[in-house]
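I opened this notebook to look up the salt bridges and the annotated region of one model. The entries follow in the order in which I looked things up.

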Amino acid sequence: MPLTPLDIHNKEFNKAFRGYDEDEVNEFLDQVIKDYEMILREKKEHEEKAKELNDRLSHFNTIEETLNKSILVAQESAEDVRRNAQKEAKLIIKEAEKNADRIINESLLKSRKLQVEIDELKKQSKIFRNRFKMLVEAQLELIDNDDWEHLMEYEEKDKELEESGV
């Protein structure tokens with residue numbers, strides 16, 4: 001067990017023949033007591049300061065641990081957000097590709113239908129043109145026909161008869 005200043009103060013030595021000077025020993029012991037008390041006070045102050053610093057260190061370690069956990073959670077959340085964004089982007093791209101394919105297929109189908117209609121109209125136009133040409137040619141044949149001249153002769157005879165008063 002360590003000595004206390006009181007132990008040093010109360011220590012008594014046996015007297016011996018030709019021993020040390022009692023006053024000198026007492027002065028020295030008084031000085032030792034003062035120094036020992038000062039060292040004990042400093043030790044206590046250092047222990048309190050060390051306890052305070054340990055408490056602060058513990059507090060900062062707790063903060064550091066909390067921050068590290070928060071960083072990990074934030075990183076995991078960011079990774080989740082990134083993965084979800086990639087999945088969503090892939091889904092959007094697939095949907096866009098489906099829509100593009102559908103639009104292209106519909107456009108091709110409409111284009112084919114229009115081409116069929118155009119071909120049909122061309123065919124009908126050709127038929128109409130041929131029929132119209134045949135009609136015009138038939139009419140021209142009628143005009144070129146000799147029957148017109150016979151009609152003209154009848155008309156002239158009719159006029160002559162009218163003029164003659166018949």
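Predicted model: local features only at pLDDT ≥ 70, side-chain atom pairs only at ≥ 80, totals over all residues.

Entry 1, the annotated region. I began with the UniProt record, an unreviewed entry, whose annotation "coiled-coil region" covers residues 29-131; UniProt positions are given in the numbering used here, feature names are shortened, and such annotations may be inferred rather than shown by experiment. I then looked up the geometry of residues 29-131 and found the span to be 100% helix and 0% strand, with its end C-alpha atoms 148 Å apart. Helices (H or I, at least four residues) and strands (E, at least two) are DSSP runs here, numbered from the N terminus.

Residues are numbered from 1 along each chain as its sequence is written, and side-chain values use heavy atoms, with hydrogens and water left out.

Searching the whole structure, I found seven salt bridges, each defined as a side-chain nitrogen of Lys or Arg within 4 Å of a carboxyl oxygen of Asp or Glu. For exposure I used relative accessible area, with buried meaning under 20%, exposed over 50% and partly exposed in between (1.4 Å probe, protein chains only).

Entry 4, Lys 43 and Glu 47. The closest N and O atoms of this salt bridge are 3.5 Å apart, and the two residues sit four residues apart in helix H2 (residues 22-144), so about one helical turn separates them. Glu 47 is partly exposed at 45%, and Lys 43 is partly exposed at 47%.

Lys 51 is exposed, with a relative accessible area of 55%, whereas Asp 55 counts as partly exposed at 43%.

How far apart are the closest N and O atoms of the salt bridge between Arg 83 and Asp 80? I read 2.3 Å for that pair. Arg 83 and Asp 80 are three residues apart in helix H2, which means about one helical turn between them. Arg 83 is partly exposed at 37% relative accessibility, and Asp 80 is partly exposed with a relative accessible area of 37%. Salt bridges with shared partners join Glu 79, Asp 80, Arg 82 and Arg 83 into one network.
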